[in-house]
Amino acid sequence: MFSKLIMSALLGLCASATALADQMGPNGDKFYEEAAHFEHACRTEPCEGPYSRVLVYDQKAKLTKISAETRETLKKVAVDQAQIWGDTILEGDYYASGRTRLDQVMAFYKGQELIGYKIQYSEKAWYTGDCEFDGSRASLKGCQEGRIVEGSYVSSDAQTYFSDEERYAEFSFVQD
């Protein structure tokens with residue numbers, strides 16, 4: 001009986017740990033601090049030295065200044081980060097398509113050194129609070145369409161990433 005209790009507790013800990021999509025790699029604490037300094041320095045335009053930022057990918061504008069490999073790596077991070085939505089925003093009155101899109105990538109620098117990326121990603125979604133949603137895709141026709149949007153920071157080696165605390169997942173009725 002005691003071993004079953006221990007096993008249940010361990011499974012519970014593992015399940016709650018997997019609910020956090022953030023990943024801390026080598027020097028993750030240092031990257032977290034740099035991202036905070038970047039965010040503070042770039043509250044105004046232009047950023048306060050030594051930080052700067054460059055838009056390197058924009059899905060809508062068809063802007064791509066990063067390699068296909070970097071774009072794919074960042075998209076994988078976005079997909080991983082979106083997995084937490086099942087335990088957060090999707091527990092409310094929202095239903096998402098499950099196809100995460102990388103919307104925008106901002107590279108940020110300290111001097112000439114690439115520190116990391118601030119990414120924005122989204123999924124097509126529906127607000128189900130004011131419609132007759134029964135769990136089937138067909139019943140979504142009467143629901144308001146939009147996108148669930150979130151942002152994350154990703155280190156230049158993609159070993160550390162975490163949600164932007166200023167931009168947790170939110171639903172936007174704006175459809176594109």
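View 1. Strands count as paired if DSSP finds at least two bridges between them. Elements are DSSP runs numbered from the N terminus: helices are H or I with at least four residues, strands are E with at least two. The model is predicted: local features need pLDDT of at least 70, side-chain atom pairs count only at pLDDT 80 or more, and totals for chains, interfaces and linings use all residues. Residues are numbered from 1 along each chain as its sequence is written, and side-chain values use heavy atoms, with hydrogens and water left out.

**View 2. Strand β6 and its hairpin with β7.** β6 pairs with β7 (residues 161–163) in the antiparallel sense, over 3 bridges. S163 in β7 is the bridge partner of S152. Between β6 and β7 lie 5 residues of a hairpin. In that turn, A158 has a positive phi of about 60°. How many residues of β6 are buried? Of its 12 residues, 10 are buried, so β6 is largely enclosed by the rest of the structure. Buried means under 20% relative accessible area, exposed over 50%, and partly exposed in between, with a 1.4 Å probe and protein chains only.

**View 3. Strands β5 and β6 side by side.** I119 has S152 of β6 as its bridge partner.

View 4. β4 (residues 101–110) and β5 pair in the antiparallel sense over 9 bridges. Y109 stands opposite L114 in β5. The hairpin leaves 2 residues between the strands, and G111 in the turn has a positive phi of about 65°. β5 (residues 113–127) also pairs with β3 (residues 94–96), antiparallel, over 3 bridges. There, Y127 of β5 is the bridge partner of Y94.

**View 5. Helix α2, one face buried.** G28, F31, E34, A35, F38, E39 and A41 are the buried residues of α2. Seen down the helix axis, they fall within an arc of 165°, so they line one face. The arc is taken from the directions from the axis to the C-beta atoms. On the other side, D29, K30 and H40 are exposed. The 14 residues of α2 should span 20 Å at 1.5 Å a residue, and the end C-alpha atoms are 20 Å apart, which agrees. The expected span is 1.5 Å times one less than the number of residues.

**View 6. The largest pocket.** Its volume is about 280 Å³. Among its 14 lining residues, N27, K30, F31, E113 and I115 are the closest to the centre. α2 (28–41) and β5 are the elements that give two or more residues to the lining. The largest share, 4 residues, comes from α2. By type, the lining holds 4 nonpolar, 5 polar and 5 charged residues.

Methods
On a 1 Å grid over the protein atoms alone, a cavity is a set of points where a 1.4 Å probe fits but cannot get out, and a pocket is an open set with protein on both sides within 12 Å along at least five of seven lines; lining residues have an atom within 4 Å of a point. Grid points are joined across faces, edges and corners, and a volume is the space filled by probe spheres set on the points. Ala, Val, Leu, Ile, Met, Phe, Trp, Tyr, Cys and Pro count as nonpolar, Asp, Glu, Lys and Arg as charged, and the others, Gly among them, as polar.
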